[in-house]
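Look through the sequence and the structure before reading on.

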Amino acid sequence: MIDRLKGFRDFYPEDMEIRENIFSTMRERARVFGFRPIDYPSLELLEMFRLKSGDEILSQTYSFRDRGDREITLIPEATPSTVRMLVARKDLPRPVRWYNIPKLWRYEEPQSGRTREHVQMNADIFGDDSAVADADIIGLACSILNSLGLESRYEVRINERKIMEYILTESGSRNILSDMAVIDRFHKSDKEEIVSKLSANGMGSENAERMYDFLGRKYKINAIEEGIGEFFNFSDFREKIQRLERTGEILVDNGFRDVVFNPSTVRGLAYYTGIVFEGFDIQGKFRSIFGGGRYDNLSSLFSGIEIPAVGFGMGDAVLENLMRDLDLWKQKSKVRRYYIIGIGDAGNLAAVKMAFSLRDRGIQAVAHTGGKNLSNAMKTASNLNFTHAVMIGSKEIEEKNCTVRDLASGEQKNVNPDDI
Ligand code: HAM
């Protein structure tokens with residue numbers, strides 16, 4: 001036996017068919033939201049990620065030197081390649097709405113919801129810095145989850161990096177990025193650790209304690225200002241708060257109700273510049289289902305051209321955990337699958353012919369090839385998960401019909417093959 005690499009997964013058809021349905025739902029929802037598909041290589045120059053991400057992602061790459069001595073990496077996230085493609089095409093009419101469902105590789109410690117290879121749907125809007133674009137991006141993520149039967153089983157926690165930067169600065173922080181990283185670990189660390197780190201970074205213990213209490217709060221989307229006001233008296237960021245409330249209101253007005261303001265949602269990735277958000281299951285059992293935000297500076301970092309951007313990534317692993325937990329990990333509807341059993345030489349030929357003709361009509365059909373024993377052939381049909389067995393012999397050929405048995409109910413009918 002040869003082992004699989006740690007943190008990697010195999011998928012057999014029973015799961016793969018469900019996964020394909022999920023990916024089609026993602027594509028279909030993206031399409032109705034006006035997104036168009038793109039694709040890019042799985043290997044890129046490491047330099048691109050170094051330029052953009054800082055250490056978090058870099059420490060997780062599967063990278064190597066190729067035969068031409070270039071530093072290459074399997075892509076750990078999709079955003080840099082997407083922006084690379086965007087800035088390479090100056091002719092594109094904006095706003096641009098793109099999506100893709102690539103495989104990504106991160107050398108992380110494998111655990112529930114975290115694998116070393118995962119599939120991540122990405123959707124991004126470029127060239128639109130409106131609150132409506134922010135709402136559309138979050139709305140697409142919610143719409144996918146709702147279509148998968150997860151409505152009211154998740155919540156979206158949103159925040160705005162500029163608001164947090166302001167609050168941190170006013171609270172005495174001397175290193176905003178490092179404090180953001182501390183806050184990003186809010187749910188993974190204990191109070192003492194958070195308070196002492198924030199305090200040491202310039203805030204002092206009283207402010208750090210207050211900040212800790214604030215970080216644990218969640219506020220309704222139309223009550224952000226009052227919420228922040230419970231802790232801080234700063235007023236200069238009203239405009240940012242109003243914009244965030246507007247995004248939230250668009251979502252709530254359009255049926256996506258499970259959106260809250262949560263100060264500890266800041267996101268680890270260094271490039272976010274505005275709204276940030278993460279989707280979590282309502283019971284808090286799993287890691288984030290999706291995450292994203294606004295990153296208006298990345299294209300100018302890559303090319304000097306400024307193009308506002310907002311997007312999200314939604315991985316397959318947490319989604320599967322959550323759907324299994326809620327007993328939603330099953331086929332949506334049973335596709336009809338026909339197993340065609342020929343009786344006698346003429347029947348066998350007719351069975352093959354019938355399989356080809358059903359396939360031309362888009363119906364799944366396979367002709368039985370193993371042995372003449374009818375009851376064994378029937379067993380094979382059930383074992384292979386066919387929904388129907390079709391029997392055809394010389395009598396049926398003469399009468400221009402066939403016998404179709406529903407393998408679940410056992411019901412049997414004589415029908416004209418064209419009527420299947
Ligand atoms: P991220 O938060 O690193 O964001 O990942 C987004 C989602 O991908 C997570 O919420 C999770 O569902 C999934 N994910 C991430 N890492 C793993 C892993 N090791 N195993 C399984 N699932 C994982 C980004 O990657 C951003 N580039 C998203 C984005 C797109 N921002 C703007 N546009």
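A charge sits over a ring if NZ of Lys or CZ of Arg is within 6 Å of the ring centre and within 35 degrees of the ring normal. Arg-19 meets this rule, lying over the face of Phe-11 at 3.6 Å from the ring centre. This is a predicted model, in which local features need pLDDT of at least 70 and side-chain atom pairs count only at pLDDT 80 or more, while totals for chains, interfaces and linings use all residues. Residues are numbered from 1 along each chain as its sequence is written, and side-chain values use heavy atoms, with hydrogens and water left out.

**Overall fold**

- The protein chain has 15 helices and 18 strands. Helices (H or I, at least four residues) and strands (E, at least two) are DSSP runs, numbered from the N terminus.
- The C-alpha trace spans about 90 × 55 × 50 Å along its principal axes.
- Of the 420 residues, 48% count as buried. Buried means under 20% relative accessible area, exposed over 50%, and partly exposed in between (1.4 Å probe, protein chains only).
- Among contacts between residues at least 6 apart in sequence, 67% join residues at least 24 apart. A contact means heavy atoms within 4.5 Å.

**Helix 6**

- Helix 6 covers residues 161-170, and its buried residues are Arg-161, Ile-163, Met-164, Ile-167 and Leu-168. Seen down the axis of helix 6, these buried residues fall within an arc of 155 degrees, so they line one face of the helix. The arc is that of the directions from the helix axis to the C-beta atoms.
- The cover over the buried residues of helix 6 includes strand 8 (154-160), helix 7 (176-184), helix 8 (191-215), helix 9 (224-229), helix 10 (238-253) and strand 11 (275-281).
- Glu-160 caps the N-terminal end of helix 6, with a side-chain oxygen 3.1 Å from the backbone nitrogen of Lys-162. A polar contact is a pair of N or O atoms within 3.5 Å; within protein, one must be able to donate a hydrogen and the other to accept it, and residues adjacent in sequence count only if both atoms are side-chain atoms.
- Gly-172 follows helix 6 and has a positive phi, near 105 degrees.

**Helix 14**

- In helix 14 (residues 374-383), the buried residues are Ala-377, Met-378 and Ala-381. They cover an arc of only 100 degrees around the axis, which puts them on the same side of helix 14.
- Lys-379 and Asn-383 are exposed on the other side of helix 14.
- Strand 14 (337-342), strand 16 (388-392) and strand 17 (402-406) pack against the buried residues of helix 14.
- At the start of helix 14, a side-chain oxygen of Asn-373 comes to within 3.0 Å of the backbone nitrogen of Ser-375.
- Just after helix 14, Asn-385 has a positive phi of about 75 degrees.

**Aromatic contacts**

- The model holds 15 aromatic pairs. Rings of Phe, Tyr and Trp (its six-membered ring) pair if their centres lie within 6.5 Å; planes under 30 degrees apart count as stacked, over 60 as edge-to-face and the rest as tilted.
- Phe-126 and Tyr-295 form an edge-to-face pair, 6.4 Å centre to centre with 90 degrees between the planes. Phe-126 lies in strand 7 (residues 117-126) and Tyr-295 in the loop between strand 12 (290-294) and helix 11 (298-303), so the pair ties together parts that are 169 residues apart in sequence.
- Both Phe-126 and Tyr-295 are buried.
- One aromatic cluster is made up of Trp-98, Phe-126, Tyr-271, Tyr-272 and Tyr-295.
- The charged end of Arg-337 sits over the ring of Phe-386, 4.6 Å from its centre.

**Backbone geometry**

- Most residues other than glycine have a negative phi, and most peptide bonds are trans.
- A cis peptide bond joins Arg-94 and Pro-95, with omega about 0 degrees. Pro-95 is in the loop between helix 4 (79-87) and strand 5 (96-100).
- Asp-69, not a glycine, has a positive phi of about 65 degrees. Asp-69 is in the loop between strand 3 (63-65) and strand 4 (71-74). Asp-69 counts as exposed because its relative accessibility is 52%.
- Ser-152, also not a glycine, has a positive phi of about 60 degrees. Ser-152 is in the loop between helix 5 (131-147) and strand 8. At 49% relative accessibility, Ser-152 counts as partly exposed.

**Cysteines**

- The count of disulfides is 0. A disulfide is a pair of cysteine sulfur atoms within 2.5 Å.
- Cys-142 is buried at 1% relative accessibility, and Cys-402 is buried with a relative accessible area of 0%.
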